[in-house]
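This report describes the pockets, the ligand surroundings and selected backbone features of one protein model. Please consult the sequence and the structure shown here while reading.

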Amino acid sequence: DFCQEVILTSRQSSSEKSCVYDGVDIQVNNLELRFPTQLFINGKFVNSASGQTLDCINPADESLICQVQCASEADVDTAVEAASTAFNKGEWSKISSRDRGVLMNRLADLMEAHKEELATLESMDSGAVYTLALKTHIGMSIETWRYFAGWTDKIQGSTIPISHARPNHNLTYTVKEPFGVCALVIPWNYPLMMLSWKMAACLAAGNTVVLKPAEVTPLTALKFAELSVKAGFPPGVINIIPGTGKEVGEALAKHPKVRKIGFTGSTAVGHSILRSAADSNLKKVSLELGGKSPLVIFSDCDLEKSVKMSMGGVFFNKGENCIAAGRVFVESSIYDQFVQKVVEETKKIVIGDPLDRSVSHGPQNHKKHLEKLIAYCDQAKRDGAKLVHGGKRCDRPGLFFEPTIFTDVEDHMTIAKEEAFGPIMAISSFDGSNLDSVLQRANDTEYGLAAGVFTQNINRALEFSRRIEAGTVFVNTYNKTDVAAPFGGYKRSGIGKDLGEEALSEYLKVKCVTIEY
Ligand code: TAP
């Protein structure tokens, strides 16, 4: 049967299903890289209906890596139809939930076997430094597939005692069921990891999927599609269609056959997706959106650690990190010392070719984004924030921006309110004797994605964690996410969760059955 076939195939990797595509071969990073550049629909790589293409630019030197097919609205319909057929009639609708886990684990093994290629491709396409791409972008993606593979045969309902109609009895139970066709729309900062966070939960729950990667970073998603064929996923279960948000993203959000959309990106587009869902078929929506996450450092902290963690909080993945610490509040008594140390350490950051193992800071993802960061710093200077380090494009080819530090940031300034999404630290001071005041300032934002606090005082840490309006709180650490821990924002940072058991319920609906006997 199907499961046996999958297990057999997994034991005989030489018999991995092969797939045919128009692709690109390049030699880079001591590897022979080969990857597809076409849309992936119904188990096959195909050209787009319109014949249009997208340019993939390497941000390290602004060279053209390749062109990929750009999906049109007609391709959205074809992909949704394939996903619908796979869900309703295909092999996927027949296999047991445990067999889904077998397939997902097999895919994770293949991702692991190809991790150097995936990390190289991610590094070239997104500007992530290779060492980070290997550990986080790809490493956490593999963990995510394994984590959700383990859930496939543990999705259970319950039996519920109800008031029965005497003399008869009733049995009431719930069943958790997949929605059917789900659409996933993701951003460019962690291309394969965002795909994995959403798609692994979505498939573990038994849905089928149409995913649109960000138009500037489609390459690892297409390589992933190739691996999904090798893993033995039936046609139509996974469809990947690079294209623009305006055409493909909107068409998915409005599509009458899409029953659920999972989105990560900006708050503005999140609003638009929710409107499209309301105007079309009331599809279920989950949103992971922007943030302006406060990190509050009290004078009783471990100073070395808080300097290191706040730098990681801001500069990790060149600041293209949704939970980046958008504001750093430092208690006034250690403010000068903190600033001096952070500037000293920031000067040591090695900027350069992301494929070079000694480099820790790569180029920004794409040109429009780099230009936004330059404008953001100009505005901060006009508003009166004090630039103490960086603040400009690096004097070298490629889309490099210096790790930047502003001090004397006041609450009314743009830099205190708007998300940078780049390597820009905004430091303000606060009065450590007044927890209420710093909490009020930290909560004075429409965002609520993450927050952090550094203190040795357990009461203060607990009080802060209780009163801060954020979906993720870190105490004496930062950026510590894990595949088993739910992740998602409060307020206008989103609706719903990725990762952990909570993420599964985003992709399941509950049926309640009552029997009388
Ligand atoms: P967006 O412009 O929102 O783009 C995200 C995705 O949505 C892209 O695939 C984009 O397509 C697509 N899109 C654009 N307009 C659309 C529309 N009208 N309908 C449907 N889809 C549409 O965000 P971005 O600039 O790429 O990413 C940066 C933002 O994402 C930041 O605000 C950041 O905080 C947020 N972010 C949040 C998280 C989490 S977990 N909360 C994680 C990463 C990023 P194109 O490729 O054509 O633009």
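## The largest pocket

The largest pocket has a volume of about 1300 Å³. A pocket is defined on a 1 Å grid over the protein atoms alone, as an open set of points with protein on both sides within 12 Å along at least five of seven lines; lining residues have an atom within 4 Å of a point. For the volume, grid points are joined across faces, edges and corners, and the space filled by probe spheres set on the points is taken. The model is predicted: local features need pLDDT of at least 70 and side-chain atom pairs count only at pLDDT 80 or more, whereas totals for chains, interfaces and linings use all residues. Residues are numbered from 1 along each chain as its sequence is written, and side-chain values use heavy atoms, with hydrogens and water left out.

The lining of the largest pocket comprises 43 residues, and W188, G265, S266, V269 and K372 lie nearest the centre. At least two lining residues come from each of α6 (191–204), α8, β12, α9 and α12 (367–383); helices (H or I, at least four residues) and strands (E, at least two) are DSSP runs, numbered from the N terminus. The element that gives the most to this lining is α12, with 6 residues. By class, the lining holds 20 nonpolar, 13 polar and 10 charged residues. Here Ala, Val, Leu, Ile, Met, Phe, Trp, Tyr, Cys and Pro count as nonpolar, Asp, Glu, Lys and Arg as charged, and the others, Gly among them, as polar.

## The ligand and its shell

An N or O atom in the side chain of E419 is 2.6 Å from an oxygen atom of the ligand. A polar side-chain atom of K212 lies 3.0 Å from a ligand oxygen atom, and a polar backbone atom of G265 is 3.2 Å from an oxygen atom of the ligand. Taken alone, the ligand exposes 900 Å², of which the protein buries 88%; these accessible areas come from the Shrake-Rupley method with a 1.4 Å probe.

## The second largest pocket

The second largest pocket has a volume of about 880 Å³. It is lined by 36 residues, and L132, K135, T136, F316 and N479 are the closest to its centre.

Each of α5 (130–149), α6 and α10 (303–315) supplies at least two residues of this lining. The most come from α5, with 6 residues. The lining contains 17 nonpolar, 11 polar and 8 charged residues.

## Cavities

The whole structure contains 3 cavities of 30 Å³ or more, a cavity being a set of points where a 1.4 Å probe fits but cannot get out. The largest cavity has a volume of about 100 Å³. Its lining has 14 residues, with A324, A325, G326, A420 and F421 closest to the centre. These lining residues divide into 7 nonpolar, 5 polar and 2 charged.

## Backbone features

R166 and P167 are joined by a cis peptide bond, with omega about 5°. P167 is placed in the loop between β7 (159–160) and β8 (170–178).

N30 has a phi near 60°, a positive value in a residue other than glycine. The loop between β1 (23–28) and β2 (31–36) holds N30.

Conventions:
A polar contact is a pair of N or O atoms within 3.5 Å; within protein, one must be able to donate a hydrogen and the other to accept it, and residues adjacent in sequence count only if both atoms are side-chain atoms.
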